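Please take a moment with the sequence and the 3D view below, and keep both at hand while reading. The paragraphs that follow go through some helix contacts and then through the spaces in the model.

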Amino acid sequence: MKNIEFEKPSYSEWQDAAIKALKGKPFESLLTKTSEGITLEPLYTQESLVAKLGDELDKQVATIRSLQNSQVFRVAQQVYADTSEAFFTQLDDSLARGNELVTVDSRVNFEWTDEVVAQLATYFSEYSFKITLKKANDPLLAVFDKIAADKREAVTGFVVSQNPITLADFPNVRTYVADTVVYHNEGANAVQELAYALATATKYADQEENFETFSKKFYVSFAVDTQFFTEIAKLRAFKVLWKAFTSAYGITENVKIPTVVETSLRSFSQLDVYVNLLRAANEALSGLIGGADVFTVHPHDALTKPTEQSVRIARNVSLVLKEETNVLKITDPAGGSYFIESLTADFVKEAWALFLEIEAAGGIDAYTASGKLATELDASYQARLKASQTRKQSLIGTNIYANPADVLENETNPLFAEIKRIAVPFEQLRAEMTAADVKTGILALGSLKSSKPRADFVSGFLNTVGLVPEKSEPVATAEEALAWLTATEAKYIVIAANDDNTKELVPAILAGKPADVIVDVAGKFKDEEEAWLANGLNGFIFAGQNIIEKLNSVFVSMKEVQR
C-alpha cells in the first residue's frame, strides 16, 4: 500500500469529468454568486490560487499572521439584569465561570446611580471591559470618574459609541471604533463592512495629530453571520487591508489593531429559538478561526428576554470552542486553504476599491450624507430578504422546516428591536394569519405515492407562516375532489398531484368548485396556465417562488372573498 501512487488529475481533467457528470447542464451551473458579487468556483487548487495571486499569496499569509494579537478570542459575555443587585450577582458569576471582559450596554432597566457606577468602577480596575454607550452624556460615563487616578493607566477596555469620547487619563482604553455592526444590522455585506471600517479609520486618523496616537485609541467591531467561510475570510481580509491602510500613512512596522466581534442577530428568529443557538455556535467558530480578538455570543433568546440559563449557554459556546477545538494552538488556522485564501483576496480587492470610492466622494460622512451608503445598504438588505423568501438562503425553522406550533413571544428586547432581521416578514405574516384564524387545505389527487412529494412541499411552504393545512386522502376523480372541497372548512386549497393527474382533473375541479374557495395548483404548468387562470384558478405554488409575496397575495384574496 505504501508504494501505491495515484496519478494527480489536472484541473482541466477534473472539469471534463464534471461536465460529463452534469449530463447536459452547463459547467457554469456549478458557479455560485455571493451577496458581495464574488463568483465561487466549484474547485480550488494550489495551481489556480498561485495563478490568481502569484507572489501576493505569500504576502497575504505573512501579513495575516504577523498582525495576529497574542491574546485571541477573549470571552466578552454581556450581562442582562433588571436590577443593579442582580446585575452584580450575575457579573460575579459570569467572571467566575470563564467570562474575561465586563460587557455592558448602558441601556438597562435600573438607574446608573453614583453607588452603582462606583461599584462597577472596582471591576474596571481589575478586568478589561467592553461598554456600549448610546448618547453623548450617557450616565455610564461616570464610571471613569470613580476610578482612582493611580489605577487609570492600567485600565484596559473598549468603548462603543457613535461619537468617540475623550478619556485623557486612560491611555489603554480604546474609544475610536469602526463599528461595522450598525451597518451589518442594516444589511451590509462583507465587502461593504470592510470598506466602511477603513473609511471610518481614515476619518479618525485625520483628526489626530499623528498616526501613533490614533492607532492606540482605535479598534474595529464586526458582527459575523451564518455564512461560515465568508466570515472567516472577512476577518482575515481586514488584517490585509489594515496593512495596506497603514502603509498609505507611511507606516512600515506592523500596527496591531484589536478586532472585537459578536454573533450576528440579523439571522436570529423569534421562532424556534434554539436554532439561534446553532447559528451562534457556527458564527462563533468562524470568528475563532478568523482570528477575532474579543468575542461576544448573544443568547439564543436575546430577541425577547435572556435568562441566566441562556446567558450561561452562550458563554459556554465560546469556552467549549476554545478548549475543545484546539484552534488557538494555531496562529492562522485557515491559512493555506485554497478556497479561503482566494476569498480573502477577493474581499481585499473589492473592499479596497469601495474604500477608494468613498474617499473620492469626500469620506465616510460625505458618502453617508449623499445617500449612497443608505442606498447600498438597502440594496443588500433587499437582496437578503429575497434570498430568504425564495429559499436561496436557508433560515432553518423560519423559511424551511418551520414548526407551526411555535408561538411568537410578545416581549421584545429593546436593545435589538431595530435590527433588520430577515425573519421579520415571516413572523409578521404568521402573526396576522394566526389572528385571522386562516383555514387552509391540501387536495391530493391520484395515489399517495404520486401526490405526496408536492403535498409535503406545500405543507412546508404553508408552515413558514404558521399554517397547518387540512390534508385530504388521495382522490381519483373530480367528483371525489369536489365533494371534499364542499365538505372542508378550508377556504384556501392547494391541489397536489403529479403532472398527469393535475392536467387531467384540474379543469373539472375548477368548473365545479365552491365560489368562496380559493384554489392554487402545486407546480409549474406553463401550457395550461392561461386557461386555468381564466377558469377560476388563483395561481401556483412552486420551488423558488417568493413565499412572502405569494402568501401575502393569498391572504389579501381571502379577505376580499370574505367580504
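Helix 2 and helix 3 (residues 56-66) have axes that come within 7 Å of each other and cross at roughly 95°, where an axis is a line fitted to C-alpha atoms, for helices over the stretch in contact, and the angle, from 0 to 180 degrees, is taken between N-to-C directions. The two helices are therefore roughly perpendicular to each other, since angles of 65 to 115 degrees count as roughly perpendicular, those under 35 as roughly parallel, those over 145 as roughly antiparallel and the rest as oblique. Leu49, Val50 and Leu53 of helix 2 meet Glu56, Leu57 and Gln60 of helix 3 in this contact, with contact meaning heavy atoms within 4.5 Å. Sorted by class, the contact of helix 2 with helix 3 has four nonpolar residues, one polar and one charged; here Ala, Val, Leu, Ile, Met, Phe, Trp, Tyr, Cys and Pro count as nonpolar, Asp, Glu, Lys and Arg as charged, and the others, Gly among them, as polar. Helices (H or I, at least four residues) and strands (E, at least two) are DSSP runs, numbered from the N terminus.

The model is a predicted one, in which local features need pLDDT of at least 70 and side-chain atom pairs count only at pLDDT 80 or more, while totals for chains, interfaces and linings use all residues. Residues are numbered from 1 along each chain as its sequence is written, and side-chain values use heavy atoms, with hydrogens and water left out.

Helix 2 (residues 46-53) also meets helix 12 (residues 338-360), and their axes come within 10 Å and cross at roughly 20°. That angle makes helix 2 roughly parallel to helix 12. On the side of helix 2 the contact is made by Gln46, Leu49, Lys52 and Leu53, and on the side of helix 12 by Tyr338, Glu341, Ser342, Ala345 and Asp346. These residues divide into four nonpolar, two polar and three charged.

Helix 12 packs against helix 9 as well, at an angle of about 55° and with the axes 8 Å apart. This makes helix 9 oblique to helix 12. Among the residues in this contact are Phe229, Ile232 and Leu241 of helix 9 and Phe339, Phe347 and Trp352 of helix 12. By class, the contact of helix 9 with helix 12 has 16 nonpolar, two polar and three charged residues.

The largest cavity holds about 50 Å³ of space, where grid points are joined across faces, edges and corners and a volume is the space filled by probe spheres set on the points. Its lining includes Leu67, Phe238, Trp242 and Asp293, and helix 9 (residues 228-248) gives the largest share of that lining, three residues.

Of the 28 residues that line the second largest pocket, Lys33, Thr34, Ser35, Gln227 and Gln393 are the closest to its centre. Helix 9 and helix 12 are among the elements that give two or more residues to this lining.

Terms used
On a 1 Å grid over the protein atoms alone, a cavity is a set of points where a 1.4 Å probe fits but cannot get out, and a pocket is an open set with protein on both sides within 12 Å along at least five of seven lines; lining residues have an atom within 4 Å of a point.
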